Amino acid sequence: MTKMTPLLERNEQFARTYTPAGLGLPTAQVVIVSCLDHRVDPAIVLGLRLGEAPVIRNAGGRVTQAVIDDIAFLAFLTGQLGGGQGPADTLFEVAVVHHTQCGTGFLADPGIRHQAAEATGTLEAALEASVVTDPHATVKTDVERLLASPRLSPKVSVSGHVYDIATGRLSTILDARYP
Ligand SMILES: [Zn+2]
C-alpha cells in the first residue's frame, strides 16, 4: 500500500479500454509550456487527449535553458518523424502558459527566497527567475526570450497565454509569431 494505490486502481480502469498509438507527430501541432501547479494541468484545462501535444512543465512555466533544450530536441524529432508530411516550413507552435495565483509568487519576497535557497540548495538568482507575480508580464518576457533564442528553429512559432485560476479561462496575450 502506497499513496499511489488509489491512482494505480485508476490506471487499471484506464488500461482496460486503452488502445496504443505508434510514435508519430503530435496531432495538435502544439507544444505546451506550463507551471507544474496541480490546478493547471493542461490535459484537463485544454482537454488534451493522448498523442495530441507534448507538455513541458516547471515552477512558473518559465522559459529556462532546460525548456529551450527540450524544444530544440522536439523540433529535431518532429523534423525527423515528419518525413515531408504537412507544410515543410512549419513544425509546431509553442504555447507558453502562465497563471494567476502562482505559488512561485512567494519567492518574490527576498526573505523567503533566501530561506528557500538555504533549504533547497538552489541559487537565489534561479529562484528569482522562476517568480510569476504578474502572469501577463512574465508570459510576454518568456515568449520574447524564446523567440530571441538562436536555438529556436525558424519553423517553430511561439504564443503566450494566461490561465485564470478563478474562472478556468485561458486568454491569449500574444498571438503565435515566428522568430
Ligand atoms: Zn504556478
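Here is a chat about how some labels on this predicted model were reached.

Reader: What should I know about the model before we start?
Author: The model is predicted, so local features need pLDDT of at least 70 and side-chain atom pairs count only at pLDDT 80 or more, while totals for chains, interfaces and linings use all residues. Residues are numbered from 1 along each chain as its sequence is written, and side-chain values use heavy atoms, with hydrogens and water left out.

Reader: How many helices and strands does the protein chain have, and what makes a stretch count as one?
Author: There are 6 helices and 5 strands in the protein chain. From the N terminus on, the order is α-β-α-β-α-β-α-α-α-β-β.

Reader: Why is Asp142 called buried?
Author: Its relative accessible area is 0%, and buried means under 20% (exposed is over 50%, partly exposed in between, with a 1.4 Å probe and protein chains only). So Asp142 is buried. Asp142 is found in helix α6, where Pro135, Thr138, Val139, Val143, Leu146 and Leu147 are among the other buried residues.

Reader: What is Asp142 in contact with?
Author: Leaving aside neighbours within four places in sequence, Asp142 is in contact with Gly61, Arg62, Val63, Val96 and His98. Contact means heavy atoms within 4.5 Å. For the buried residues of α6 as a group, the cover includes α3 (65-82), β3, β4 (156-163) and β5 (170-177).

Reader: How do you know what span to expect for α6?
Author: The expected span is 1.5 Å times one less than the number of residues. Helix α6 (residues 135-148) has 14 residues and reaches 20 Å from its first C-alpha to its last, close to the 20 Å expected.

Reader: What makes a residue a donor to the zinc ion, and which ones are they?
Author: Donors are N, O and S atoms within 2.8 Å of the metal (3.2 Å for Na, K and Ca). Cys35 (SG), His99 (NE2) and Cys102 (SG) coordinate the zinc ion at 2.0 to 2.3 Å, so they meet that cut-off. Water is not among the atoms, so the site may look incomplete. The sequence spacing of the donor residues is C-x63-H-x2-C. Cys35 lies in strand β1 (residues 30-35) and Cys102 in the loop between β3 (92-99) and α4 (110-120), so the pair ties together parts that are 67 residues apart in sequence.

Reader: Are those two cysteines buried or exposed?
Author: Cys35 counts as buried because its relative accessibility is 4%. Cys102, at 9%, counts as buried too.

Reader: Why is Pro26 called partly exposed?
Author: Because its relative accessible area is 23%. Pro26 is found in the loop between α1 (5-16) and β1, and it touches Gly51, Glu52, Ala53 and Pro54, not counting residues up to four places away in sequence.

Reader: Which residues form the nonpolar patch, and what makes it a patch?
Author: Ile44, Val45, Leu46 and Leu170 form it, with about 330 Å² of accessible area together. Patch residues have over 30% relative accessible area and no salt bridge; nonpolar side chains (Val, Leu, Ile, Met, Phe, Trp, Tyr) are joined within 5 Å, like charges within 9 Å. A salt bridge is a side-chain nitrogen of Lys or Arg within 4 Å of a carboxyl oxygen of Asp or Glu. The areas come from the Shrake-Rupley method with a 1.4 Å probe; for residues, only the protein chains shown count as cover. Leu46, at 36% relative accessibility, counts as partly exposed.

Conventions
Helices (H or I, at least four residues) and strands (E, at least two) are DSSP runs, numbered from the N terminus.
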